[in-house]
Amino acid sequence: MRKANKNAQYAALQGSFWAGYAALWGYIGVLLLAFGFDDRAVGIITASAPLLCVAISPSLGSFVDRSRRIQTWHGALFLVALGCAAALVLRLFPHGKLLPLAAFLFIAAGTVLASACPFVDSLAM
């Protein structure tokens, strides 16, 4: 019974994580254009998040692995919470206003969600 419960929890975690990830990245081009960015800025913003993830994800993983107090699920929860907070601020953000801040929030949301993938996947171990 305990193993079935863990599998259900892991399936719920994976399903909710990938649903949120797809909601952001599936429509990011349309969202950025609706915010008032031009095509060049859309390309720069969508390329920046994965590039930052390449730099940030190994550092975060190393920090969590070395820490005795922080567990893997803490890292996953922290990153997903940061991504949700950035997405919530973007949702409440007026379109066409303060484009540099909007760009930063999109890059932050994408970076933390992409960095959370290894943490979420490692929870099955």
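## A right-handed crossing

Helix α3 passes helix α5 in a right-handed crossing, where right-handed means that the near helix is turned clockwise from the far one by less than a right angle, and left-handed that it is turned anticlockwise. The structure is a predicted model, in which local features need pLDDT of at least 70 and side-chain atom pairs count only at pLDDT 80 or more, while totals for chains, interfaces and linings use all residues. Residues are numbered from 1 along each chain as its sequence is written, and side-chain values use heavy atoms, with hydrogens and water left out.

The two helices α3 and α5 pack at an angle of about 45°, and their axes are 7 Å apart; such axes are lines fitted to C-alpha atoms, for helices over the stretch in contact, with angles running from 0 to 180 degrees between N-to-C directions. That angle makes α3 oblique to α5, since angles under 35 degrees count as roughly parallel, over 145 as roughly antiparallel, 65 to 115 as roughly perpendicular and the rest as oblique. In contact terms (heavy atoms within 4.5 Å), the residues of α3 that meet α5 include I45, L52 and I56, and those of α5 that meet α3 include F106, I107 and F119. By class, this contact of α3 with α5 has 13 nonpolar, six polar and no charged residues, where Ala, Val, Leu, Ile, Met, Phe, Trp, Tyr, Cys and Pro count as nonpolar, Asp, Glu, Lys and Arg as charged, and the others, Gly among them, as polar.

## The overall fold

The protein has five helices and zero strands, where helices (H or I, at least four residues) and strands (E, at least two) are DSSP runs numbered from the N terminus. Along its principal axes, the C-alpha trace of the protein spans about 50 × 30 × 20 Å. Of the 125 residues of the protein, 32% count as buried, which is to say under 20% relative accessible area, with exposed meaning over 50% and partly exposed in between (1.4 Å probe, protein chains only). Among contacts in the protein with a separation of 6 or more, 76% come from residues 24 or more positions apart.

## Two further helix pairs

Helices α4 and α5 pack at an angle of about 155°, with their axes 8 Å apart, and that angle makes α4 roughly antiparallel to α5. Here α4 passes α5 in a left-handed crossing, and the residues of this contact divide into 15 nonpolar, five polar and no charged.

The axes of α2 and α3 come within 10 Å and cross at roughly 130°, and these two helices are therefore oblique to each other. On the α2 side, I28, G29, L32 and L33 meet D39, V42, I45 and T46 in α3, and the residues of this contact divide into five nonpolar, two polar and one charged.

## The nonpolar core

A nonpolar core is a set of buried Ala, Val, Leu, Ile, Met, Phe, Trp, Tyr and Cys residues joined through side-chain atoms within 4.5 Å. The largest such core has 27 residues, of which L32, F35, F37, I45 and F106 touch the most other members. Helices α1 (2-25), α2 (28-35), α3 (39-66), α4 (72-92) and α5 (99-122) each supply at least two residues of this core, and α5 gives the most, with twelve residues.

Y21 is found in helix α1, and, not counting residues up to four places away in sequence, Y21 touches G26, L113 and A114.
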